[in-house]
Each structure stands twice: as C-alpha cells, then as structure tokens.
Amino acid sequence: MHRLRTTVVRLWPLTAVQMAQSLSKPVPLAVKQGLRTSQPARHLNTPLASEPFLNGTSSNYVEEMYYTWLENPKSVHKSWDVFFRNASAGAPPGAAYQGPPHLSRTSERLSSAQALVGTQPSVEKLVEDHLAVHSLIRAYQVRGHHIAKLDPLDISCVDFDDAPCTIGFQNVGIYGLAESDLDKVFRLPTTTFIGGNESALPLREIIYRLERAYCQHIGVEFMFINDMEQCQWIRQKFETPGVMQCTLEEKRTLLARMIQSTRFEEFLQRKWSSEKRFGLEGCESLIPALKTIIDKSSQSGVESVIMGMPHRGRLNVLANVIRKELEQIFCQFDSKLEAADEGSGDVKYHLGMYHRRMNRVSDKYMTLSLVANPSHLEAVDPVVQGKTKAEQFYCGDTEGKRVMSILLHGDAAFAGQGIVYETFHLSDLPSYTTHGTIHVVVNNQIGFTTDPRVARSSPYPTDVARVVNAPIFHVNADNPEAVMYVCKVAAEWRNTFHKDVVVDLVCYRRNGHNEIDEPMFTQPLMYKRIKKQKGVLQKFVEKLIDEGVVTTQEYEEEVASYDKICEEAYTRSKDEKILHIKHWLDSPWPGFFTLEGQPRSMTCPSTGISEQALSHIGNIAASVPVQDFAIHGGLSRILKGRANMVSQRLCDWALGEYMAFGSLLKEGIHVRLSGQDVERGTFSHRHHVLHDQNTDKRMCIPMNYISPDQAPYTVCNSSLSEYAVLGFELGFAMASPNALVLWEAQFGDFHNTAQCIIDQFISSGQAKWVRQNGIVLLLPHGMEGMGPEHSSARPERFLQMCNDDPDVFPKLSEDFAMHQLYDCNWIVVNCSTPANYFHVLRRQILLPFRKPLIVLTPKSLLRHPEVKSSFDDMLPGTHFRRLIPDNGHTATNPEKVKRLIFCTGKIYYELTRERKNRGMDEAIAVVRIEQLSPFPFDLVKEEADHYPNADLVWCQEEHKNHGYYDYVKPRISTTIGHTRPICLALDGLPQIFKLIHLHCYTCLFLIHTHVFFMYLLLPSAYLCRPSFP
Ligand SMILES: Cc1ncc(C[n+]2csc(CCOP(=O)(O)OP(=O)(O)O)c2C)c(N)n1
C-alpha cells in the first residue's frame, strides 16, 4: 500500500488546482473493454496514511487488492470493499477501516460506510485516472519491448502469441483514459524517471517519453526482477530524459570501431573469398559492443576479462577486441603452412588467446583471454566461468571486482542448449559464482538454416536468462549508438549488482551460415530483404556526416588507414613459416614449463609423506577443531574409528584421501573438490564438512585446520548438474597447474550427461589446443546391484579414448613410465588400496606436467575390512604402484603357478578370498593392474615372465562389452608377443579355478586368434556376463 498511499498523499495537493480544471472538463468516457465504468466525481478529503496496516510488507498486497477492487469491488472481501470505498470517499484518518463485519453489526457498519461512498465522486475519478496513468507507465516498463523497433530487417521473429498490444497512444482507453485526457497533467509515480526534474507531466508527454525510453531501438526486459532497487536502477538508466545521448567523442570512437569491424571482414572476403570464416556481416556492431563493455569495466577496476564465444565473428573479435596480431590470424588461412605443434583441425575459429594490453579509454592495463572452444555450441560457457572463478580466487577477488567473464552466444544455441540453463544456475552459488557475467547474443534470427519459429518455444532466444533475474537488453544492432548505450548499462549493472545481464543484439546474417553456404535455399524472402539492406557502417556514417560529427574525407581516411594496417599484416603473414598453435594459449602457465613449453624435468619425486605428517593429518581428520560444536552421534563414531586407525598406523579409503588432500594443502597446493553431495560423500564416508547439530548453518571444515600457512581447501556440494559443473571445474583447473581440482560424479555413470566436456575438452584438449589440464574425475564404479547401466562408470568409454598404441610394445627405458605419462592424453586408474589412491592424487601435482586423471573409485571397498593401508605404504620413498604383483605364496614358487589372473579394482578382493577358500594360494596368482592407461606394458611383461608355466587370464566383473576387456586384450597380447594364449571363458564355461579345462577352450579359440580372454567364471558373482545391449 506504500505506493497507493504515496500516490494518494501526493495527489492531495493537486486536487485543489486540478479540481477546478476537472470540473470544467467533460466526464470521462466509459472505460473500454469493460475494465472500469465511469463514476460520479467524489471528493477525497483525507489521506489514507493513518491506517497502520498500510505500512511495511503488507503494502504490496494491499495495493494489488486495491487494483483488483478497482476492477471489480465484489472481488475482494467485504471489509476491504468498505475500506476502499471509505478511503476513496475521503473518510477521516483511521475512519476508513471498519474491521471485518461481525454478523450482528454487519448491516449497521455497511450502511454507515455506504453513507460515505458516493459523497465525493470527483476525487475517486482523480485517483482512478492517476492510477490509470500509473498502470500505463507500468505497462510500458513491462511491455515496451513488444513494440520496440528491434529488428533491422523489420520481419521480427519474436512471437508473442498474437497478444494484443496494450500500449501506445491508441490504447489509452484500456486503462480508462480518453483522448481528452492526453493534455491533462498527471503526477508521476516514484517508479518512473521520465520526468527528469519534473514531478508531473501531461499524459501526452508521458506517453511520448515512455515511447522514447522503451519503444525505439532498445527493448528492456526487466520487470520480472524481484528486487525493487534493481528495477529502479534500470528505469533510471533508460527513462531519464537525454540519458542515451552519446558525446561527439563517443560517436567518433564508435565510428572507428565500426570501420575496423566492417573492413576486417571485407578484407578477409577479398583475400580468401572461398574460405569459411563465419564472418560477422550483419552484426558488425558486436565489436564496438564488446569494446564498450571492456572499456567501462576497466574504468570500474576490472583487470582481467575472460571470454567465451562461438564461431560467428571470432576472428574479428580476436583481431579487433583482443588484438591478436593480424598476421597470426591471416597465416591461419594459408593451407600450406605446417603446424609446429600437435594442435590440429578446424582450429582457426576455435582457438583461444590471451593478451595483456593497455586500455586506451581507462589508461589501465587489462588482460583479455578468449577460451578455446570446441564446435559444440555453448559447451565453453561453464569452462569460462570456472576459469574466471579460479582467477578471482587466486587474486583474492572475492566480489568479482577485478576479474569478470563475458559470454557470447548465437540465438539458436542460447535458446536450444541446456548447458546455458545449467550455467545460469551456477551464477549465484557461493562456490561457483563469478559475480556477474555479461552475456552478448548475436541474434541473427536464424540458426544455420533453421527459423526461430521452429527452433524455440519462447518469444525471445534470451528467455532462459529470466530464471536468474538477469535483465535483458534487446537492441537493434543496426543502431550502433543504441548498442553502445546498452553495453555501457550492462557493464554498469554488472559492476553495481554483480549479477548476470544479457545484451541481445538483434541483427541479421548477411551471408549464409558460412561464406560458401547458400541461404536462399531455405530463407528466400529473408535474404531478398537482406540483399536490399544497407550495411550498418554505411548507414551510421551517413548519419554522422549529416549530424556534422565527421566529414566524408575523415571517414575515408579512417577506412584507408585500417585497410593499410590489414595489407601490411597480410604481407608480414607471408613470412610466417610455421603455425604455432602454442601462441594461441588461453591460459599460459608462466614458470611451470620452460620457455620452449617443455616440462622442467622428467622425474616425479616420491609421493610419500612423513610419519609425523600422516599422524597429524589423520588426527585432524578424526577431530572437531572448533569449540562448542555438537556433531551427530553417528559421526562421533566415525571420527573415533578414524582416531583408532591413526593410532594403528592405518588408513581406510576416506583417510587415504584425507592424507592426500591434507598433505597437498600443507604444501601450499589449493585443493578443490566439487560435485553433488561431495561434502559428506554420497556413500557417507567422507564427512569433510561437519554440521553443528544445534546451530543452523554452523559448519566446520577440519581440513582447513591443518596448518596456519596451508592453502585453502574448497569442498562444495554442486547444483544437480554434471555438464556445467564438470565444465566449470575443468575451467578452474585450466587457470593454474598448482591446484588439485577434482570433480566427483555421484555415481560413475552420471558422467554421461557431461560427455561433451569429457570428449571435446578433457580427452582431446592437448591434441587439439596444445593445452594441458590436471583435472581429476572421481567416478564411483562397481557392479553392485544397481543394474548394468547404473552400477558402472563405463570404464570402457574412457579406455576407448586413450591414445596409447595397443599394438606396439614400447621401448623400455629407465624413465619409461614418465614418458608414457607425458605422451598420453589422460590417465585412467582403478586403485585397490587407499595408499595407492593417496599416491595417485599426490602424483597429479608432483608430476612436472599435467594430464587429466580418471579414477574409478570404489563403493563397497570404502568400508571393506581388508581395504586398509599401512602408513608404511605412504612414507617417504613410496610411490604410486601402476601394478601390484601377487604378494602371497605364489611369489616364492612362481613356477608352480598354473594360472595368472590379471584384474583391476574391487574384484581382486573377491578373487583372493575365493582362492583362499579353495586352498589354491600356490596355484593361482592374482595381479592388479592399477593404472590401466597408459598401460604398464613393462610391469605386465615382468609378471607374465615371472610365472612361466601359468595360463594368462583377464578377469572382470563387467559385461563383455563393458569394462576393460577390449582395452587390455590387445595390450596384453602385444606384451607377451603372442607367445602364450590369454584366455576368455564365456558364460557357462568352466570356472576360473578349474584349471584343467582352460586349455581346451584356448585351443578352440586359437583357430581364430592368438589372443583369448577369460571372463569371471566362479561363483555366481564371477560368472562371465554376456554383452549388455
Ligand atoms: C551442440 C551443437 N549442435 C550443433 C552444431 C552445428 N551448428 C553449428 S552452427 C549452428 C547454428 C547456430 O546458430 P546460432 O546459435 O543462432 O548461431 P549463428 O551461427 O547463427 O551465429 C549449428 C546448428 C554445433 N556446432 N553444436
């Protein structure tokens, strides 16, 4: 009611003046469309301010009710009806409210209230007219963008479901106003700034100013935002008279930028007319748009901008925004140039870039980076966010004042790709927020060949941004001044509120999807229209010449000067002898590699730590390091169990992980563990965040109490997303090699909804972009009753993407293992002991280079009594074991061993138990391959040689077409030089421990191939599983 009350209070002084006017004017027309009927004039002789319930939070409610009552008095409770009638009729302070009618007194009260109604009709009319004007103003704020002239082609692809237009001079009747009201003066509500210094304006002027603010080349969508202050801020930015005017200087800068943008594409077109470049023609104002955002942000203190963008206009952005040397861009078009590095493929419009330069507008240095991206549209969004978060983290920028992100989107992709939504949902989460991203949509109203009407169900491509209350500024991209203005406001918004904002550049695509594509096949009418469309630079310069801002000669000189820059760079590009993909790194790691980009050594120190460190970290893991903190009874038992283990110098899985994280933190390495429910751990084993049972939101992270000078530990439950969260963590890991960044899937198979990040970035990142990354994926895996699809982390998928050659036995040397790691695209491990898990995590950081690490983590082994490691296995001098030989009776008499079973992960414990039960400890050796990829050819060979009389069997619990089988089969075969058969037993065949039967099947299969594998054969759990469809 605050606004209603204010409205009425503010109306009061007007009434005396206006009453005289209103008396001389005809009674307003009946409201069109039946919203209201004209009322006899009444006098308002008291403000409503003295009603206590009109204060505070109830005001909105009351105001809503008042509007409802105006439309239909019967639609509200009788008591409100009476109140509003009395208030409108000028009841003295406190008298308007009559209280809910009591049965006995209803008629009496009503009749006294009704006595007031009807006594002062002209005031009610006055209130109604003012409220009508307020509604009209509000309607412009809500719906002005519906009629804004946003589309340069004037074919508008925005579909409002034929909703009737409710604004404009012709529609004032909808609000109960008549044409005759247009010259009446109305007080302006506090929710508008169109008045400037004036507090009242004639209706005609009000509408005129609203049309100028909301219905020209800018359409502002913001009224869905819940925050009143933010709405007011936006209103002020767009409504204040004259606010959008550019200075002469700004116009000239804008022209220069438009020239660069336009002439760059024209230059490429002239030189390489048959090459794809995904040019910007039709949206040339993107370049000044980005530059405006960057200038403005730099002025506000931003020092680093991290950008992600798709193909469209990428070369132009690299050249004119990030300022990559033009010759480096041009030589990308030379098909004869050989690449110096392994980066390959369609990198021209996917490459990243990092550049530090002076911003001429702010006179401050800025770092601009464009993150390399795959073809998969929008996949780069969370990666950019993660990298931005990391850079904020490393420079202590807790509010996003120094580092920010800009994301560019195509209209079809922005609307269509779910990752956009997932990424938006990270924007306000404490451990994921980057404190506001500026999104710029190149809305050329087409996606490849597809029209928006069949590509999205929302009116705008930007509607997805509404979920996070981001304001959306649509702008006609053929008006560079309007574009510049909204970009300024977007940058100011981000700087003020640190929340996301969207700039929707409504434009067109002058060519086809790329320059050699024919758009007339599918959009003939649109393209006939486009052919007639004058270029935006041409239109803009004509306007500026008309306004006297520049002369034709000045313009031509500017064009000639930029063309010359391009020509000279083109000449220099001919001198380039080789393509250096390494020059296109988006995240250089200064100091980590040598200047030539090589590792500083090819050794990895021991990953063990001191006894003292183990005890200290173990004790922290077993404690609650803050006072008066009540933990859950169950957790007390878990911590007690940990303390017992520490006293016995033992570690279980959770403690092994604790030791790895804690020791790295102690050594100054930041550790960040993110994923769904990672704080406690899906399987309730981790408990890295303790919750006070008595105080809400009081939490403690013991890992941050290891040492005063330790690095901070971040453990964060994520939103229920895999694609965006994994992308985010990958981006975080990209920023620095000196952090252990881990993403844990809740269950291993859930990584499949993040497959794009795995395929496009993690497995192939180095090959495509010469970019290393040490991200760790923890994937719970084990055929433990969740069905074949949900139990499995699909190791076969990761193994299938490993790049080591199955058919070549590698040349062995002393540092073979390191070279193997250096050459691989990623590492896949399935550890069977806490110590080995501890070592492999530490190795990630102690390696002199970075590789992604995929860890298949256990479920039942988390609490398996045998799955404990002694501190001895984690002391200095110890290291990760790629393969763990059989350490039982077989070791002493290897020639007696009849069968050597290779396996990995949890099946080891089942095999050894069964072996023991059958008394076959001397006859069967069980060897664990802990690092599946790169494959430990050397160690497997040692094992095979060690047991000269044994059959070789590969054993796994997964289905034949799952698991490791297809990966290890050729590698074991290569290792033993096809000298011995490796067995495969199919479902129903003799069991693995019936030694006698094996050979006949071996022979059977030898007819076809030298290599045979054996699936699990013994008790039901070991039975070979057929392929899973
Ligand atoms: C995830 C994904 N699906 C499909 C494609 C193939 N593709 C490349 S560009 C494109 C159209 C994109 O349209 P839009 O987002 O509007 O950008 P525009 O090309 O119009 O600038 C498509 C479908 C892709 N690159 N990525």
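A nitrogen atom of the ligand lies 2.8 Å from a polar backbone atom of Ser 375, a polar contact being a pair of N or O atoms within 3.5 Å. The model is a predicted one, in which local features need pLDDT of at least 70, side-chain atom pairs count only at pLDDT 80 or more, and totals for chains, interfaces and linings use all residues. Residues are numbered from 1 along each chain as its sequence is written, and side-chain values use heavy atoms, with hydrogens and water left out.

Oxygen atoms of the ligand are found 2.9 Å from an N or O atom in the side chain of Arg 312 and 2.6 Å from an N or O atom in the side chain of Asp 411. Taken alone, the ligand exposes 580 Å², of which the protein buries 74% (Shrake-Rupley method, 1.4 Å probe). The shell around the ligand holds 15 residues, each with a heavy atom within 4 Å of the ligand. Helix α13 (residues 411-416) gives the most to this shell, with three residues; helices are DSSP runs of H or I with at least four residues, and strands are runs of E with at least two.

Eight strands form an open sheet of mixed pairing, in the order β3-β10-β11-β9-β8-β4-β7-β6; two strands pair if DSSP finds at least two bridges between them. Strands β3 (218-221) and β6 (353-359) stand at the edges with a single partner strand each, so one side of each is left without a neighbour in the sheet. Strands β10 (residues 472-476) and β11 (residues 501-506) pair in the parallel sense over five bridges, and Val 475 stands opposite Leu 505 in β11.

Note on methods. A polar contact is a pair of N or O atoms within 3.5 Å; within protein, one must be able to donate a hydrogen and the other to accept it, and residues adjacent in sequence count only if both atoms are side-chain atoms.
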